[in-house]
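Hi there,

Here is the structure I promised to pass on. Have a look at it first, then read my notes below.

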Amino acid sequence: MRFLKYKNRVMVKNRLVVLFFLMSVFLIYSCKKSEKVSESSRPNIVFIMSDDHAYQAISAYGEGLNNTPNIDRIATEGAIFNRGFVTNSICAPSRAVMLTGKHSFVNGKVDNVSPFNWDQDNFAKSLQKAGYQTAMIGKIHLDGLPQGFDYSNVLPGQGKYYAPEFIENGVKKTYPGYVTKVTTDIALDWLENKRDKEKPFLMLYHQKAPHRTWMPEEKYLTLMDDKTFDPPTNFFDDYEGRPAAAAHEMGIYKDMDLVYDLKMLDKEGEIKTKYREAFQRNYDRMDAEQKAAWDAYYDPIIDEFKANKLEGKELALWKYNRYMHDYLRTIQSVDDGVGEVLDYLKANGLEENTIVVYTSDQGFYLGEHGWFDKRFMYEESFRTPILVKYPKEIKPGTVINELVQNLDFAPTFLDYAGVDISKEIQGESFRKLVNGEVSEWRDAIYYTYYEFPGEHHVKRHYGVRTDRYKLIHFYYDIDQWELYDLEKDPSEMKNVYNDPAYASVKEDMHKQLEKMRTQYGDSDELNQNNLDHYLKAKNIKH
Ligand code: SGN
Ligand code: CA
């Protein structure tokens, strides 16, 4: 009996061991299998962003200023957004909004001066946790080591056009050559040699161009040289009824520096301007060959400029044309880079399962209201280009006219990757919108801007935009309300806030504004806090 009992026990034990073994094998196999299946189906994401790229300067938007065949490919093969907007039209805050999916007054990066808290959640961190390989390449404009990235190679601050410095995983080094090309090469190198090819990837590929001071790449110095650009119809704006706009310091005629912005660095040193030395330092970064190409192009223009002694309207139009040529030339190199990345994806069988987004950190004025730069809630800087392709899901030639904001990128990427979207995120995924699967979408968007007193003199403001109307409140050293009927006045030349014909629109828009402020958690008190911090950081006495 004893022996039988023992034998039984051994048999049971053996069976258990076998069962345990089989279960383990099954578990290991099934886990691996499900991991593989879900990982291989998760889309890769290439998030391309340039700095200050106006939608007017992308040929897919049809303004006819230039030709960007590669950026246009994203629209042709995917979707173009006609009402893409930012929440705060300035560089570093815009990047913080994109990463966190939260408004500036929530993520804390309200202006280019305030610090960014990398410890808070961002979508790259979430994707990394979910098994993505992540990389951040190019301009980030947020101090500190980027968090959420397996690899980072970023420009310090604004970055330089020639012989740019980069910070690779925290270590500084200088690259010879032109920044746009260098950034593209780093991106291609990461795709080909540095990432773990077994995992889905997220790559933020962010160009410095076409940011001021618009220094073109050698090969594009003469691009469109025979083209004369006509300025927008409101180039000679008198800012009537818009005192905040009148207070600007971003006029092409009034504020552009002849040397720093317009490259009139004469060898004789006769053209003396406030920022001549600063431009000399940028020029000196070029090597001998680059300088020779630069001089061959600009020297005759400088001679002609000195001989012609233009004034008034003629001088304004000359400045506008110099600006447009340089600005658009820097974009041509950006477009080349987009082409190289798209070609890489195609050649490596990654095209079908990769989402490619092209956008800018905000829009930009190309002479509208007589301006360069951004910051205002007026259309050209409030809007931003957004083009998205994802062959697996998005129909070629899709056009989106709904109000979408840079606040929506984080939740959209998480949605595509099948990762939970935290309740704290304030944006909405536009995945279903692009697929035509939603019948309801937001009918208004909210905006804030804080960097005043500051460069370009754009006063603090916030506002709301619906499909047709826009209400803006400028505050701090001014208390000015503006209302625009975008259908009748798309160039925003006529402030109808005090027009009795718009009394009920005004009332509705005030209600909309309050609704937005409550929904997102903004208030006058928050504005005051942000203002106090800013003035302290800039050492300005209140
Ligand atoms: C620099 C530019 C400004 C620009 C800000 C912000 N001046 O200060 O013209 O408005 O950046 O741009 S420059 O002399 O340095 O070129 S942002 O895109 O970084 O927000
Ligand atoms: Ca910018």
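**What I found**

Let's start with helix H3, whose buried residues are Cys91, Ala92, Pro93, Ser94, Arg95, Ala96, Val97, Met98, Leu99 and Thr100. "Buried" means under 20% relative accessible area, while exposed is over 50% and partly exposed is in between (1.4 Å probe, protein chains only). Helices are DSSP runs of H or I with at least four residues, strands are runs of E with at least two, and both are numbered from the N terminus. With 10 of its 10 residues buried, H3 (residues 91-100) is largely enclosed by the rest of the structure. Just after H3, glycine 101 has a positive phi of about 70°.

Some housekeeping: this is a predicted model, so local features need pLDDT of at least 70 and side-chain atom pairs count only at pLDDT 80 or more, while totals for chains, interfaces and linings use all residues. Residues are numbered from 1 along each chain as its sequence is written, chains are lettered from A and ligands numbered from 1 in the order in which they are written, and side-chain values use heavy atoms, leaving out hydrogens and water.

Next, the calcium ion (ligand 2). Its protein donors are Asp51 (OD), Asp52 (OD), Asp361 (OD), Asp361 (OD) and Gln362 (OE1), at 2.1 to 2.8 Å. Donors are N, O and S atoms within 2.8 Å of the metal (3.2 Å for Na, K and Ca), and sites may look incomplete because water is not among the atoms. Aspartate 52 sits in the loop between strand S1 (44-50) and helix H2 (69-77), and aspartate 361 in the loop between strand S9 (354-360) and helix H12 (379-382), so the pair ties together parts that are 309 residues apart in sequence. Both aspartate 52 and aspartate 361 are buried.

Now ligand 1. Aspartate 51 turns up here too, with a polar side-chain atom 3.4 Å from an oxygen atom of ligand 1. Histidine 141 also has a polar side-chain atom 3.4 Å from an oxygen of this ligand, and for arginine 375 the distance from a side-chain N or O atom to a ligand oxygen is 2.8 Å.

Finally, arginine 465 is in strand S14 (residues 461-466) and counts as buried at 4% relative accessibility. Its side chain makes a polar contact of 2.9 Å with the side chain of glutamate 379. A polar contact is a pair of N or O atoms within 3.5 Å; within protein, one must be able to donate a hydrogen and the other to accept it, and residues adjacent in sequence count only if both atoms are side-chain atoms.

Cheers
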